[in-house]
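Colleague: I have the model open and some points to go through. Shall we take them one by one?

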Amino acid sequence: MDQARAEKLWELHHELERGRLSRRQFIRMATALGVSLTAAEALAGCQKATPAPTTAPTQAQAVATTAPQPTSAQPAPTAAPTQAPPAAAEPKEGYMLRFDGYRCTGCLLCAVTCAEKWQAELFPEQTKDVVNLEFSRIRPMRFQYVDVVNVCNYCKLEEWAEGTKEAPCMSVCPQKAIKFVPKGEGKPGYTGYGYKTVDRDLCLGLDACGRCLEACEQQFGSGISFDPIEHKAQVCTMCGGDPACVKVCPEPEALQFVPVVVNGRSFAFQPEAYAELLYMKMFNVRRDL
Amino acid sequence: MAALKGVWGKIARVDLSTGNVTVVEPPEEVYRKYLGGEALGLYYLFKEGIVDPSVDPLGPQNMIQLLVGPTNGVGANARSVIVTKSAYNFLCVTTSGGRGAAELKFAGWDGIQIVGKAPKPVYIAIIDDKIEIRDASHVWGKGTEEAEMILQKEVLSPLEQRESILRSADMPEKWAALHPAAKKGIGAKRLAAVWLIGPGGEKQVWYASVMTEGARAHGRYGAGAIFGSKNLKGIVVRGTKGQPLADKARFLELTRAIQSSEKGDYGWRSYGTARIGYAHSNASSDFPIRNWQWEAWADPHTVMALSGPFMDVASFVRKQSCPGCAMHCLYPVETTSADPLMDRTISDMPDWEAMGMVGGNLGYLEMPGATPDDPFTGTHFDRAEALAKTQYTTFIHDNYGIDFIEGGALLALLMELRQRDLITPADLDGIDLQWGDVHAVDAIVKKIVARQGIGDVLARGTYETAKYFAEKKGKPEIMDYSMTCHRYAQPAHGVRANACGNAMSYLVAIRPTEHTSGSRIPFNRGDVDAAIAAENVQAFNNSLVICSFAAGHWTGKTVDLVKAATGWEDFQEAEIGKVGERAYALGRLFNLYCQGIKDPKKEWDCPEMVPAKRWFSEPLPAGPHKGKMAYDGDMDKVFNQLLPEYWKKRGWTEDKGIPTAEKLKELGIDDVAEAIAAQLR
C-alpha cells in the first residue's frame, strides 16, 4: 500500500474515532482503498476504546497482507508504513498558504500532489491512468530565476468601501457557485475550519462564463483555474485546513500553512507582477517581464 | 493495440520549408528497443538517412529532434535531449533540465522532429495537439533571457485565455464604482516552457546552445547552430493532457521514494556542483588552469573564490529545481563587483564546468602578475572579483546562447597563443586577450556571436581556430595548444593527474569528448567491462531521459518505474544495458560514417582525431601529481591495447571497432545499421 492510501486510511480511521463516520461507512471506504474486508472489520472494531499503540501494528499487518504483490523480484522500495499514524490535524482557523520565494525551488511537488488528489476525487474513471497538473489548484510558475507559487489567496472585498465582504470571485459569480463553507461544516476529512469551494452543478464553466477568474486577474491574482474535462472553476480549498501541498513540500518552510489574520488580499498579486517584484527584492535589478 | 502508457506513441514532425506538420507514430517495438531520448533519436538519424555524409549539418536536410522518455512528466528528474547531426559534423546528443521535458509530455508528444528551413525567423508553438509555426522576427537578435520571457507570454492554453465578458454590472455597485471592469479578459497564467537560441545560434556559431530558463542549456555539440540554420528561434510548449501511466499508484509511490531519498542529499542541496572546484578538483589536480598548463594551484587560497561556501555567501540568492527533483542543483546568483561591467549580473552559480572552463582556464583567479605557482596575496574582495568574472562570462555565454565549455577552451587557446606570442592583438582585430582580462573576453565574445571580423573564424570553435592560426602563421606547433579531442573541446575534467580514465572516456564515448559518459572511474581502475557497463547505463539514462546527478537515487527502482509507467511487465534489468548498447553501436557507426572515416584503424593517426598533445607529452608542472601524464605518456598502450580491448569487449571488430553483424543482430538493430556497418567493416 502506498503512502497516500495509508494516510487516507488513517484519516478515515480518525473520522471513525470522532464519530463522523459510521462503522459501515468506514468499512466500505477502507475496502475501496484496497484493505481486505477482514482487516477493515478488524480496524473498525479497534475503535472501541482500544489504545492507539495497539492499533498501529494491527493496521500495519492489515496493510502488509493486502498490499498488491510486487511485480518484480526486488522488494518494494517503500515498505508499508509501520510507524504510528500522523497526529490528527487540529482545526486551524485563520490559517492560509504562504510561500517563501527564497526557499521555494519550483519543483512542482505541490502541484502534482494537488492534481492527483482532485482528479481522483472529481474524475476517478477518466483519470485513473493519468496524472494531469491541470487539476491542481496550486501552480508554481517559473520566470527564469524566480518562481512564483500561484494559488488562491482568499481575498475579501472591503464592505465599507466596496459594498460587500464576499470574495471577489464569489461576488461576480452569476450562479453563486463559489461558496464559503463555514467552520464545522463541509465534507468529512476536512478539519472543520471554513473553506472555499465550487458547486460544480451550478458553475457555468469557462466556455460560458469565467467571470470569477477575470475579476481575480484584473485586481487580485490568478487564483482560479478550470478543469480540463468540464472546464469548471477550481479553487484551492486548503484541503479544509490541512493542505496536502504543505505536507509534501520538500523544502523546509518554503510553503507554509500559517495564520494570516483575516483578509488574504494583502497577499494577492498577479504572477508576472509578483515575479517582477521578486527580481527587485532578490537581485536588486528591475526586469520588465 | 492497447494504447501505450508512459509515452504517447506520437512524435510531431515539422517541416519548416513547407510548413507541414505530420505525426510520426513509432510502433511499440521501437519504444521497447530504444525507449526514447538518445537511443530513439539515433534510430531516426539512421532511419531517415541523416547519417549520410551528404547531409550538410547546417543544411535544410538535417533533422533536429527534441525527445523525452517514458518517465518524463510527473516522474522525478526529467530532462529533455536533442539528437541531431552536430555543426561539427558528428553526433550531437545534448541534454538539459528545466520544465520543457515534462511540458512536452503533457502536450501529448514524445518528441518533435524538425527538418527544412523556414524562409524567415519563426518559432514553433505547441499547445497540446495544435502545432503552429509563428513569426519570430520580434525576438530575432534578442538574448535568450529577454526572448524567452516574451515567447512564454505568447503561448497560453485555451483554458488560460478568453476575451472579456466581465462588466461593471456584474460587480457590486460600490466596488464597480471604485474599480470598474477593465475589459481585459483572462490571460495572466504563465505555464509554457521555452527552448530557444540566442544571437549565437542565429549566426550559426558552431558551439551555439539551445537554452531554457535562462541558465539551463542543451549546451554541447552546437544544437543551437542547427536551430539557427533552420531560422528557428525556439520551441514553446504548453501541455494540458498530463502523463499517461500504466500503474499510477506504483509510479507515484516509487517517485516519492526517489524524492525522499534526494531530500537527504545535502551535497547537492547545499551547493550543487559548486562544491567541486575548491574542495575536490584542485586537491586532486583536475582543474583547468590557463588552458590546462596547470591543473592545481600551489596555494589553495587562490581558488577559494570558487568554493561552495564562498560562492554561497558572496552571491547565491536562492535555489532552483527541475520538476519533481528535491536536489535543486541550480543556484541563481547576483554578482557583486566594483566593475560596472559585471556588477549586478544575474546568472547562475557558476556550475562546475563554468568554474573550470570560464574560470580557472581563463586565468581569472590569480592576482595580477601572479602565476598559479605563486601564493595568493589578495583579500575576500579580490576573490569576489574573480568570482564575478567567472559569473559574468557564464552569463554572456548563456545569454548569447553559446556553450561555455567549447567557448572557454577557445578563449583559453587564444590566451595561451597570446602568452607565447604566437598571435598578436592584430590577429584578433586589435583585442589584446591576456589572462584574466574579462573586458577583452567580453569584446571577443561579442565579435564571435556577431561573426564579425575574426569572430567569423572563431565561431567555428577551438580546433578550427587553432588550424586557422597554424596555417596563417605557418606555425604547426599552434595545434599543440588546441585542448581538443575529436576536434572538440575537453571539458573541465583533467586526464593527467590520477584521472587517466578520463582520457579513455573522452576517446571512446559516442558523444565526442563527453565528460558524463560514466566510464571515468572504471577506466581509472583499468576495468574495461565496468566502463562499458557504466557507459551503457548512462546512455540508457539519456534515453529515459533522466538526470545523471540524481541517477544514484534511482538505483534499484529504475526497472520498476519503467514498468509502472509503460505497463511492460516483462521489462527486465538486462534491458538497461541493451538500450545503452544499441545507442553505443549506432553512435559509433554514425560518427565514423558521417565523417567518412573509412579506416578507423587510422582514426588516431588522422590529425583531426588526435587528442590534445598536452595529455600524453607534457607532464603536469606542479602540484601533488607533478610530472604525471595520461597513461604515463604511453599512447601506444591506449591506442593499441586498451582501445582494441574495449572494442572487442563491446562485441565490435578488434581492428576497426565496428559492431559485428552478429552483435547488431543480437541487439535487434541490424535492420537500420547493418548496411552501413558492412561498408565500414
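Modeller: Start with a strand pair. In β2(B), Val21(B) is the bridge partner of Val14(B). Bear in mind that this is a predicted model.

Colleague: In which sense do β1(B) and β2(B) pair, and over how many bridges?

Modeller: Val14(B) and Val21(B) are bridge partners. The pairing of β1(B) with β2(B) is antiparallel, and the number of bridges is five.

Colleague: Which strands are the edges of that sheet?

Modeller: The sheet is open, has six strands and shows mixed pairing. Its order is β2-β1-β6-β3-β4-β5 in chain B. An edge strand pairs on one side only, and here that gives β2 and β5 (91–96) of chain B.

Colleague: By how many degrees are neighbouring strands of this sheet turned against each other on average?

Modeller: Direction is ignored for this value. The average is 15 degrees.

Colleague: Which helix packs on the sheet, and what angle does its direction make with that of β4(B)?

Modeller: The helix is α2 (residues 37–47) of chain B. It touches β1, β2, β3 (64–67), β4 (80–85), β5 and β6 (111–115) of chain B. With the direction of β4(B), its own makes about 25 degrees.

Colleague: Is Leu16(B) buried or exposed?

Modeller: Leu16(B) sits in the loop between β1 (11–15) and β2 (20–24) of chain B. Beyond four places in sequence, its contacts include Ile114(B), Val115(B), Val122(B), Ile133(B) and Leu232(B). Its relative accessibility is 4%, so Leu16(B) counts as buried.

Colleague: On to α14(B). What span should its 16 residues have, and how far apart are its end C-alpha atoms?

Modeller: At 1.5 Å a residue, α14(B) should span 22 Å. That agrees with its end C-alpha atoms, whose separation is 21 Å.

Colleague: How many residues of α14(B) are buried?

Modeller: The helix is mostly covered. At its start, a side-chain oxygen of Asp403(B) comes within 3.0 Å of the backbone nitrogen of Ile405(B). Of the 16 residues in α14(B), the buried ones number 15.

Colleague: What do the buried residues of α17(B) pack against?

Modeller: Helix α17 (residues 461–473) of chain B should span 18 Å, and its end C-alpha atoms are 18 Å apart, which agrees. Its buried residues include Tyr463(B), Ala466(B), Phe469(B) and Ala470(B). They pack against α14 (404–419), α16 (455–458), β16 (484–485) and β17 (488–489) of chain B.

Colleague: Which residue just after α17(B) takes a positive phi?

Modeller: Just after α14(B), Asp421(B) has a positive phi of about 55 degrees. Just after α17(B), the phi is about 65 degrees, and the residue is Gly474(B).

Colleague: What is the phi of His486(B)?

Modeller: Most residues other than glycine have a negative phi. His486(B) lies in the loop between β16 and β17 of chain B. At 8% relative accessibility, His486(B) counts as buried. Although it is not a glycine, its phi is positive, at about 55 degrees.

Colleague: What is the relative accessibility of Glu213(B)?

Modeller: Glu213(B) is not a glycine, yet has a positive phi of about 55 degrees. Its loop runs between β10 (210–212) and β11 (216–218) of chain B. Glu213(B) counts as buried, with a relative accessibility of 6%.

Colleague: Which residues does the cis peptide bond with omega of about -5 degrees join?

Modeller: Most peptide bonds are trans. A cis bond joins Met349(B) and Pro350(B), but there omega is about 20 degrees. Val545(B) lies in the loop between α20 (528–544) and α21 (551–554) of chain B. The bond with omega of about -5 degrees joins Leu544(B) and Val545(B).

Colleague: Now chain A. What percentage of its 289 residues is buried?

Modeller: Chain A has 10 helices and nine strands. The buried share of its residues is 54%.

Colleague: With which side chain does that of Arg200(A) make a polar contact?

Modeller: Arg200(A) lies in the loop between β6 (195–198) and α8 (211–219) of chain A. At 15% relative accessibility, Arg200(A) counts as buried. Leaving aside neighbours within four places, its contacts include Leu122(A), Phe123(A) and Glu230(A). The polar contact is at 2.6 Å, and the partner is Asp227(A).

Note on methods. Residues are numbered from 1 along each chain as its sequence is written. Chains are lettered from A and ligands numbered from 1 in the order in which they are written. This is a predicted model: local features need pLDDT of at least 70, side-chain atom pairs count only at pLDDT 80 or more; totals for chains, interfaces and linings use all residues. Side-chain values use heavy atoms; hydrogens and water are left out. Helices (H or I, at least four residues) and strands (E, at least two) are DSSP runs, numbered from the N terminus. The expected span of a helix is 1.5 Å times one less than its number of residues. Buried means under 20% relative accessible area, exposed over 50%, partly exposed in between (1.4 Å probe, protein chains only). Contact means heavy atoms within 4.5 Å. A polar contact is a pair of N or O atoms within 3.5 Å; within protein, one must be able to donate a hydrogen and the other to accept it, and residues adjacent in sequence count only if both atoms are side-chain atoms. Two strands pair if DSSP finds at least two bridges between them. Axes are lines fitted to C-alpha atoms, for helices over the stretch in contact, and angles run from 0 to 180 degrees between N-to-C directions.
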